[in-house]
Amino acid sequence: MNRATAEAPLDSNAALARALPLRRGLAIAVAVGVSYYLGTQVGFVLRFPPLTPSVVWPPNSILTATLLLVAPRRWWICLLGALPAHVIALHSVGWMPSPAVLGFFVTNCSEAMIGAGIVRWFSDAPNRLDSLWRVSVFIVGAAVLGTFLSSFADSWVASHFLGNSYWTVFRTRFFSNVLTELTLPPVILGIASIVPLAQQRTTVLRRLEAIILAVALVSLSMIAFAPTGRIFGQIPGAPRTLLAFLLPFLLWATVRFGPFGVSSSMLATTLVAIWGGASGGGTFNVAPNLESVMALQLFLVVVAIPLMCLAAVIEERRSVGNALEERLRFEQMLARVSAAFVHWPSHDIDFAIGTWLRRLGEFLGIERIVVLRIVPSGERLVMGSSWAAHGFESPRTKIAEREVPRAIEKLLQEKPFVFEPWASPDEALRDELELEQGGHCANVTIPLVASGRVMGGMAFDSLTAPRPWPEAQVRWLQQVAEVFANALARKETEDALRASEAMKSAILTSLTSAVAVLDREGRIIAVNTAWTRYAHEPGTVTYAGDGVGTDYLEICRRAVRENLVHSAEVLSGLERVLAGEGELVDVELSSPLTNSWFTLYIVALERAEGGAVISYTDISERKRAEMQAERMRQELAHFTRISTMGELTASIAHELRQPLAGILTNAQAARRFLELTPPDLNELRSILDDIIADDRRAAEVITRLRDILSKGELRQQQLDLNDLIRDVARLLGSDTIIRNMRISLELHPHPVVVSGDRVQLEQVLLNLVVNAMDAMAETPNGQRTVMVRTERMDGSGAHVAVEDAGTGLANQPVERLFEPFYTTKPAGMGMGLSVAKSIVEAHGGIIWATNNPTRGATFHFALPWRQKDLS
Amino acid sequence: LSKKEIVIAVVDDDVSVRRSLERLLRSAGYAVETFAEEREFLERRDRRKPACLVLDVTMPGQSGLELHESLVASGRALPVVFITGHGDVHMVERALKAGAVELLGKPFEDAALLHAVARAIASQPS
């Protein structure tokens with residue numbers, strides 16, 4: 001998806017978000033204009049003939065109600081919408097100077113603004129009239145003060161532009177406006193906010209009751225205010241007594257239907273009374289007409305005010321009772337949800353959440369509840385579980401942060417997000433648009449917080465009708481959400497634990513090494529599949545037990561009794577690890593039957609109860625490679641030695657020829673002397689002595705290569721032994737790697753210079769280091785280090801030490817080590833050390849060996865700084 | 001000239017070779033003088049000029065070949081029989097080119113040496 005198309009929907013959404021207030025403003029303006037216009041028309045109609053002032057004047061009250069419903073920052077839209085309606089309406093009645101038209105508009109608006117302003121200022125819920133305080137504020141502010149104050153201006157406009165009497169206008173206008181304010185706005189407010197609620201809660205019986213009440217009230221009003229009184233003529237004291245008949249029905253409405261009922265009844269009564277008055281009959285039809293109107297107004301106002309207060313008191317009581325009842329129901333619900341989640345096993349929590357979402361939804365009378373999970377970066381919400389009432393769709397599975405920025409911001413602050421279409425603040429406009437497009441009529445989203453972490457939110461969606469979310473309910477939902485959040489968190493923790501266990505088990509299973517876990521007593525408590533396979537493999541090493549439950553220590557003890565290779569080491573290692581005294585043991589085992597090799601590791605089990613983990617790793621491949629390398633190395637060593645010998649052949653031959661020549665010549669001379677008469681016996685004895693000495697010398701040449709070498713032809717040069725040792729270490733680098741060994745150098749910081757033959761001295765080091773490595777074949781991995789040190793001996797020469805951690809020289813006669821063909825190794829030729837000795841001595845040096853205090857042996861040689869000619 | 005008056009000089013660093021040669025040549029009737037190194041030979045005070053020089057090729061210090069070459073160069077040339085423990089082709093060539101009578105590899109037959117010495121003496125105008 002390229003950038004342009006990706007951003008296009010966003011741009012259009014943003015444009016829509018900008019367009020939304022405009023569209024809404026326009027809608028409000030048009031609605032206000034239309035109602036205002038209709039209101040004026042109704043006002044003109046509702047007059048007693050011949051053309052008294054209007055008994056009720058709806059436009060101002062419509063404005064008041066609108067201003068109570070619409071936020072003050074949008075009031076100007078309402079007023080602007082009313083202006084054309086006002087102008088058109090007044091012009092339709094007849095000519096009036098424009099300043100008067102505008103003047104009346106201003107006074108009408110001022111009445112609504114004063115009234116709504118006072119109510120908004122003092123009332124805690126300006127658009128509701130369900131408590132005594134709210135009703136009182138409304139009566140005093142909107143019905144009395146607003147009308148009273150604006151009437152001064154109104155009367156001035158009427159007297160100034162139309163020449164009417166100031167106080168007459170004041171009186172008629174004031175009373176008609178008070179009556180209208182008392183009856184109309186409560187009805188409008190009720191329709192705007194109570195009706196949607198009432199729709200949900202009303203039963204058929206209640207609707208029936210309302211209808212009966214309405215019919216009865218209207219009928220009785222018609223009788224009471226009827227122009228011709230066939231019926232009321234027969235009632236004593238009629239028509240005045242008839243007014244008393246209205247009272248029970250008004251009280252009925254008050255008690256049963258609250259302030260909305262009162263206002264509706266009063267409005268109905270008023271309309272019927274005006275109809276009666278206009279028809280020229282009824283109780284208040286007294287001359288002059290103006291007086292009749294005022295009498296009617298007074299009567300209605302005086303009745304309406306106490307009834308409204310009474311209704312408010314009753315409503316208050318009822319709502320307190322309802323709230324208590326509701327609270328109780330909520331508490332019960334909450335208790336049940338909590339109990340359910342506590343007992344539910346974590347793997348069933350998803351199902352439980354589904355069930356309880358449905359119950360909650362039905363309980364709250366909403367259409368959908370969605371559990372949303374917030375991703376860690378907070379950039380989107382992802383749907384978890386959800387419930388939707390029959391016939392309603394599940395929501396989208398993902399919601400991006402930019403779609404509901406305010407909601408996510410609130411969630412992250414651990415605060416609920418409430419969407420009520422009539423009361424959402426501007427900063428939530430983006431969210432509002434999104435929710436409205438998603439078909440939401442109202443929504444509250446409660447954060448899901450568990451152990452201080454916001455996991456997401458629970459969205460309670462009303463999809464058919466708007467509904468308010470009072471604070472108490474939101475608080476209660478927060479408690480519910482807490483229960484859900486804890487359940488989700490528990491499930492998350494347990495899921496993570498299970499996943500981790502599954503992962504561990506999978507890892508164990510997929511290991512190619514055979515692994516067994518032992519408890520503190522050495523009993524096998526877990527094995528992997530490789531172990532089982534390995535244990536049943538024919539010809540396997542005996543250390544693999546059978547399986548879970550086997551006493552592994554016993555298996556090891558049996559191996560020791562049977563005197564198996566390394567068994568003592570394994571047993572003591574295992575005992576050490578189980579006792580917590582050791583951490584890691586590794587032993588290399590071979591199985592001659594299968595020609596395979598294993599490394600056995602015994603590791604302490606990292607847990608409070610102790611135990612050990614045993615693993616067998618097949619190292620046959622590596623071992624075979626090692627052996628191959630070993631063979632090659634040995635061949636190389638052999639070859640090197642042979643070639644060294646080859647190079648020395650000439651000098652060896654020379655050394656041997658000297659005594660041989662002496663012997664032959666002496667013997668032949670002796671033969672000649674024997675032919676003399678008499679033979680010179682002294683001469684012959686001397687010859688024989690020389691022959692014997694020469695023969696010894698020749699034997700010495702053969703047994704001691706030193707003499708041969710000392711007469712060999714060598715290329716002498718100045719050498720830094722440090723360089724030489726580095727070369728040798730480099731030369732053996734790959735060999736050490738294959739053999740799991742290490743050559744560590746501790747060289748004198750300055751060059752250690754001697755004069756000698758490079759190739760031969762390299763041969764010495766090569767032989768000593770290879771010898772050291774051979775000695776460490778049985779040394780545990782990690783300790784197989786050959787240490788090569790050089791130091792300068794004061795004034796006399798250089799000292800080189802090659803230290804190993806091998807078997808040491810324990811049972812070997814040290815003086816024989818350097819003899820040719822003396823070897824402790826099966827494949828060895830026994831030449832390495834003797835060649836080294838020959839060379840070192842040829843260089844005027846000495847070679848010797850010592851046992852290390854801890855482990856292994858050290859071979860030393862020392863060379864003089866400058867020795868005499870080698871030849 | 002009696003054989004007793006014929007002096008054969010032997011130069012070899014190996015004492016055994018020296019002694020055995022001395023015995024062999026003596027048994028053949030020659031007078032023998034032996035030297036362990038060239039320097040000794042060059043510093044000898046005997047008036048009698050050796051009739052033949054039996055010279056070891058490989059010795060510490062100056063080699064036998066070099067000694068012979070320097071004798072030739074200084075006009076004191078003697079017939080030389082070389083003996084050697086090594087004896088490679090190059091050495092034989094060089095020795096013969098320098099006027100050596102024979103080059104014998106150690107160990108050698110008595111007849112071969114005596115024959116070579118006899119040839120050397122014969123090659124010398126008396």
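The model is predicted: local features require pLDDT of at least 70, side-chain atom pairs count only at pLDDT 80 or more, and totals for chains, interfaces and linings use all residues. Residues are numbered from 1 along each chain as its sequence is written, chains are lettered from A in the order in which they are written, and side-chain values use heavy atoms, with hydrogens and water left out.

**Nonpolar patch of chain A**

Val140(A), Val144(A), Leu145(A), Phe148(A), Leu149(A), Phe152(A) and Trp167(A) form a nonpolar surface patch with about 590 Å² of accessible area together. Patch residues have over 30% relative accessible area and no salt bridge, and nonpolar side chains are joined within 5 Å; areas follow the Shrake-Rupley method with a 1.4 Å probe. A salt bridge is a side-chain nitrogen of Lys or Arg within 4 Å of a carboxyl oxygen of Asp or Glu. Helix α5 (residues 132-162) of chain A gives the most to the patch, with 6 residues; helices are DSSP runs (H or I) of at least four residues, strands (E) of at least two. Phe148(A) lies in α5 of chain A and is partly exposed, with a relative accessible area of 32%. Buried means under 20%, exposed over 50%, and partly exposed in between.

In chain A, 5 strands form an open sheet of mixed pairing, in the order β13-β15-β16-β18-β17. Its edge strands are β13 (742-746) and β17 (846-851) of chain A, each of which pairs on one side only. Chain B holds an open sheet of 5 strands with parallel pairing, in the order β2-β1-β3-β4-β5. Because β2 and β5 (102-105) of chain B each have a single partner strand, one side of each is left without a neighbour in the sheet. Strands pair if DSSP finds at least two bridges between them.

| Strand pair | Sense | Bridges |
|---|---|---|
| β16 (797-803) and β18 (857-864), chain A | antiparallel | 7 bridges |
| β3 (52-56) and β4 (80-84), chain B | parallel | 4 bridges |

Val800(A) stands opposite Phe861(A) in β18(A), while Leu53(B) has Val80(B) in β4(B) as its bridge partner.

**A buried glutamate in chain B**

Glu33(B) is found in strand β2 (residues 31-35) of chain B and counts as buried, at 14% relative accessibility. Beyond neighbours within four places in sequence, Glu33(B) is in contact (heavy atoms within 4.5 Å) with residues including Val7(B), Arg44(B) and Asp46(B).

Terms used:
Patch = residues over 30% accessible without salt bridge, like charges linked within 9 Å, V, L, I, M, F, W, Y side chains within 5 Å. Buried < 20%, exposed > 50% of the residue type's maximum accessible area, 1.4 Å probe, protein only.
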